[in-house]
Amino acid sequence: MAEAVVTPTTAAAVERDALVATKLHRPRLRPGLVPRPRLAERIDQGMERGLVLVSTPAGFGKTTLVADWARRSRRPVAWLSLDAADNDPTRFWRHATAALDVVHPGVADRVAALFGPPAPSSFDAVVTALVNQLAATAEEVVLVVDDFHLIQAAPVHASVAFLLEHLPVQLRLVVAARADPPLPLARLRARGELVEVRAADLRFTRDEVSAYLDDTTGLHLTGRDIAVLEERTEGWIAALQLAALSMRGRQNVAAFIDGFAGGDRYIVDYLVEEVLARQSDDVR
């Protein structure tokens, strides 16, 4: 079960009941998790900067990485998983303040009145009030915003950019997305206020491939087999997961890997077919 990080106890509890509580839960970590201290250290570096951007295509393990880092972090971490409905800036900021309220109880109450009715024409006032509330506290907090690529609304982008321009030292942001968001990344990068984690960073190394497959499949693969899988998948965890499913229960794993070492360019299609071909018609 996901670890709940929200317990509405303030005077705004009735209003916050309308929020989706599970959006404020850290995701459950999957079995077979491979610790990745080199990447955790990279995120830790961002705590001295302001913004950590984890930007990769699907299937690279962004959420898993950040959730594992949050679980191990000595800093208080607030979590917000986005969905398409969060393109409504009122909904976005109500959820964001509810997440932060877990660490700093009362923050959501003190900002709630600014959401209206009527709805604000600009969310700069909301963000300003939030910044002032956090700046008056002694404790740091990290806000993780997952799936930011789902946000297409300019008002949300503008208000998050406003927050980044006025970020108090008590707040750090970790943003995970499948593509770079339209935020002032170049300016933050030039000022040394941005740490970036990209697909090249998230690709599994050969040692990580070995650790993942040994734990997931229970097979002790040879160094050659690990090298083949690492090379053909280019360390892409989604493909490694499919490879692990394909190898599970096989009598002749070496033959599968030899076939996988061939010239098929469409790795995912090949692996999906391998997995599906071994299922019953109902499962397929």
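Reply: Before any neighbours are listed, one term is needed: contact means heavy atoms within 4.5 Å. The model discussed here is a predicted one.

Me: With that cut-off, which residues is Ser-159 in contact with, leaving aside its neighbours within four places in sequence?
Reply: Ser-159 lies in helix H7, and with a relative accessible area of 2% it is buried, because the limit for that class is under 20%. Once its neighbours within four places in sequence are left aside, the residues in contact with Ser-159 are Trp-93, Phe-123 and Val-127.

Me: Which elements do the buried residues of H7 pack against?
Reply: Helix H7 covers residues 154-165, and its buried residues are Val-156, His-157, Ser-159, Val-160, Ala-161, Leu-163 and Leu-164. These buried residues pack against strand E1 (51-55), H4, helix H6 (124-135), strand E4 (171-177) and helix H8 (185-190).

Me: How many Å apart are the end C-alpha atoms of H7, and what span should its 12 residues have?
Reply: The expected span is 1.5 Å times one less than the number of residues. For the 12 residues of H7 this gives 16 Å, which agrees with the separation of its end C-alpha atoms, also 16 Å.

Me: Which elements do the buried residues of H6 pack against?
Reply: In helix H6 the buried residues are Val-126, Val-127, Ala-129, Leu-130, Val-131 and Leu-134. The 12 residues of H6 should span 16 Å, and its end C-alpha atoms are 16 Å apart, which agrees. The elements that the buried residues of H6 pack against are H4, helix H5 (107-112), E3, H7 and E4.

Me: In what order do the strands of the open sheet stand?
Reply: The sheet is made of 5 strands with parallel pairing. Strand E2 (77-81) and strand E5 (194-197) have a single partner strand each, so one side of each has no neighbour in the sheet and both stand at the edges. Neighbouring strands are turned against each other by 15 degrees on average, direction ignored. Read across the sheet, the order is E2-E3-E4-E1-E5.

Me: Which residue in E3 is the bridge partner of Ser-81?
Reply: Strand E2 pairs with strand E3 (residues 141-146) in the parallel sense, over 5 bridges. Within this pairing, the partner of Ser-81 in E3 is Asp-146.

Me: Which residues of E1 are buried on each of its two faces?
Reply: In a regular strand the side chains alternate between the two faces of the sheet. Strand E1 is mostly covered, with 5 of its 5 residues buried. The buried residues are Leu-51, Leu-53 and Ser-55 on one side, and Val-52 and Val-54 on the other.

Me: What is the geometry of the aromatic pair formed by Phe-92 and Trp-93?
Reply: A search of the whole structure finds 3 aromatic pairs. In the pair formed by Phe-92 and Trp-93, the rings are 5.1 Å apart centre to centre and their planes make an angle of 75 degrees. Phe-92 is buried at a relative accessible area of 3%, and Trp-93 is buried at 1%. Because planes over 60 degrees apart fall in that class, the geometry is edge-to-face.

Me: Is Val-20 buried, partly exposed or exposed?
Reply: Val-20 is placed in the loop between helix H1 (13-16) and helix H2 (37-46). Leaving aside its neighbours within four places in sequence, Val-20 is in contact with Arg-91 and His-95. Val-20 and His-95 are 75 residues apart in sequence, and 8.1 Å apart in space from C-alpha to C-alpha. With a relative accessibility of 33%, Val-20 counts as partly exposed.

Terms used
Residues are numbered from 1 along each chain as its sequence is written. This is a predicted model: local features need pLDDT of at least 70, side-chain atom pairs count only at pLDDT 80 or more; totals for chains, interfaces and linings use all residues. Side-chain values use heavy atoms; hydrogens and water are left out. Two strands pair if DSSP finds at least two bridges between them. Helices (H or I, at least four residues) and strands (E, at least two) are DSSP runs, numbered from the N terminus. Axes are lines fitted to C-alpha atoms, for helices over the stretch in contact, and angles run from 0 to 180 degrees between N-to-C directions. Buried means under 20% relative accessible area, exposed over 50%, partly exposed in between (1.4 Å probe, protein chains only). Rings of Phe, Tyr and Trp (its six-membered ring) pair if their centres lie within 6.5 Å; planes under 30 degrees apart count as stacked, over 60 as edge-to-face and the rest as tilted.
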